Every structure is written in structure tokens, then in C-alpha cells.
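Biologist: I have a new model open and would like to learn how to read it. Could you take me through some features?

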Amino acid sequence: MAKVLLVDTNFSSMPIYGALLRAGHEVYVVGGNPNDVLAKISPKYYCLDYSNIDALRNFVHKEDISYLIPGCTDRSYESCVAVGQGYCTWLGDGPQAHAAINNKAIFKDVANRLGLPVPTVFSDPINCLIETAVIIKPVDSFSGKGMTILRQPDGVGLIAAMAYAKATSPTGKFIVEQFVEGQLYSHSAFLQNGKVVIDFIVQEDCTINPFAVDTSRLMNNGVDGLRSDLRDCIEALASYLGLVDGLLHTQFISNGREFWLIESTRRCPGDLYAQLIEMSSGFSYAEFYAAYFLGKVTDTPSLRWSRSIVRHTISARKEQNITNLHFLRSVHMECYVPIKSVGDRLGVGSNGRVGIIFLREDASEKFDELYKIILRKELYKISSQFDLV
């Protein structure tokens, strides 16, 4: 089998790593953190900062790598785009298509050209009269970094928010766009020859950081009309940009009457999103994702089952140490993936993640109630002492 390089060592890439091993490939992994899970468990781990394009390119040459597989970070896909051009078999997008998808400003510009539903972008926010809430964000950040919402924007607030976004952006660029109200979702679609062959709509919610998803569930009912409209949008993007076959993952907001595309990516979503899809439907998401980069996709597998699973990232609301996690009600836990250990110091938000749980509830009413309990932050408490009662 082939020599394959997985460019990411984070725990979210574990399903991809497992899929590659099961397919019989010789799997190498690179990342700059030797404490990441794949750095610990892979016999072919190499400590390498994959944002260093020259170092990554040299490694690909030295080890005679045949295929590059991006992991679950924007940086991993970007590095694969840079190194894959002429240095090994790269079946992902080229630089122009990659920039159009991952740069928030370019993405909005392309969507407007195609007449796709996106929030209004204000090109001169200081000098125009804005009578709606806005969100200011770097064009190239993730997980809410550098973002600010102004519900009643004025000059002082805009200048401060733009300076914050600019300082956070790796390129010093940002956009100011209309802040739309509604429920956040993601649409994960696999493309072949410019057409969606299978896709998933997932409800996404934020309980700690308003810009970082920590709770989600696969939507099976009441979304067929929405799914059809989303497929039209995705296929229009694929045709216009000449996207190669593979995943296109898009976040959007819907108020029940209309929807707006927020941003897209072609890398695998993080926080074990692949496992949410597989546990909920039986579809081998990570395996299918990786297969496109190996040129091995044949028939689209069917969904094997439908189960009610909620994925939740357990996170601290304040800085503290952790000694235990105490559940306040009984749950059916399908899987728990620990991120922190007993005694570790927790930050807030992404720095305070304790672990990821997948919970199952077969009765639809009980599942809806479980989801609401999580959103109300009433499922568990994180303790710094052994106070179990």
C-alpha cells in the first residue's frame, strides 16, 4: 500500500488515522506538539511544525511520501496545498480555489457574484450609516478568535473592533458584515464531479464561548427543503471554483424562513465531528473523507442506521483545576474522549476543554430534553475538590 502523510496530530484526526491504517497504508504523521495523541500513539510520528512549508516539503521528499492527507485544522489543509503542488500526489484544491473557500472576504465576494445567500458585507463601515447589528472578524481566523458583535454600531465601537480583528488576523485583514439572527447549523457535503452525493445537516450550539461550537446533533427530520437549497448553493460554488471531488463543509444560519451561508472549509471538521456522523448514521465519514485524497472513492456507501446522538465538548466556565466530573442526571454515554487529566489547570473556552462526550437517547422526547439540559448547563459540574455530592 501507499506511503501516506497525515498532516495533523490532534485528537480530532484520530478517526482519519484509524481509517488509513484499516485501509492498509503506511501512515506517517507530523505535528509540532509531541504531547498530541497521534504523536504518542503513532510509531511513525515526526515532530515537525507543518506551518513551515520548507520543512514539510523536505520531509515529503526525504520519506518519499506518495499522498498528503490534511487533518482537522485550516493550517494543515493550507500547508498541503502549498507542498502538494508538484511534490507528491495531491488530490485537493489548488491555491486559488483554496483561498476562495477559506478566506472569509473572498468567500463572501464569490457568493455574492453567484447570488448565494450571505450576510451583507460593509466595505466602508466607518463612513456609511449602518442601521443593523454587525459582526467584525478576521478573514482567516477560527473558533471566534478576534470577533466582535456590535448590536448598535458606532464609530468608536467599530474602530476598536476592527483594530482587535486586525491584530488577531495572521494577515492583518478583516471584514465587517451584517449579524444575522437564527440557529447555527453545518452542512457537510461530499462532492463528486461537481454534484453532492451525500450530505448531512447538523444543529450546532455554543454554551460557553458564543463563537465556538460545543454541542451538536445530526438533523434527520424537517430539513429536506433546506437540504435541497443548500445542495444548489454548494454545487454552484463547486462549478464556479472548479472544486475537486471531496468534502465541502459549510456553516450557515437559518431563522426558519431563510438562511445565510457563513463560511466553508474543505478540511475535516474538528472535535470528532466525524464520529458524530458515524455514531448517528453508520456512515464512515473519516474513511470517505480520506479516500478522496487517495483517489480511492468508488460507490457512495448508504446510511446503516439512525440513532439520536448528541456530541458535547465539556468545558470549564472559569479557571480552575479539575479533580472530577460529576453528572447531575443519568445518561447513556456511548463514548468519552478525555482531553485533560486529574489535577490539570483549566482555562476558559477552548483552553478549558475537559473532554468530548457522545450521549445517546432513543426516545425523541427524551433526546430533545437531554439536548435542552445540556444547553442550560444542567448536565454536570466540574469540581476542583472531591465533592461528589
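This is a predicted model: local features need pLDDT of at least 70, side-chain atom pairs count only at pLDDT 80 or more; totals for chains, interfaces and linings use all residues.

Biologist: Which way do the residues of strand 4 point?

Modeller: In a regular strand, side chains alternate between the two faces of the sheet. Here, strands are DSSP runs (E, at least two residues), numbered from the N terminus. In strand 4 (residues 67–70), Tyr67 and Ile69 point one way, Leu68 and Pro70 the other way, and all are buried (under 20% relative accessible area, 1.4 Å probe, protein chains only).

Biologist: How many bridges join strand 1 to strand 4?

Modeller: Strands pair if DSSP finds at least two bridges between them. Strand 1 (residues 3–7) runs parallel to strand 4, with four bridges joining them. Valine 7 has proline 70 as its bridge partner in strand 4.

Biologist: Why does phenylalanine 288 count as buried?

Modeller: Because its relative accessibility is 6%, phenylalanine 288 counts as buried. Phenylalanine 288 sits in helix 10 (residues 285–294); helices are DSSP runs of H or I, at least four residues. Leaving aside residues up to four places away in sequence, the residues that phenylalanine 288 touches include Phe190, Ile198 and Pro301, where contact means heavy atoms within 4.5 Å.

Key. Residues are numbered from 1 along each chain as its sequence is written. Side-chain values use heavy atoms; hydrogens and water are left out. Buried means under 20% relative accessible area, exposed over 50%, partly exposed in between (1.4 Å probe, protein chains only).
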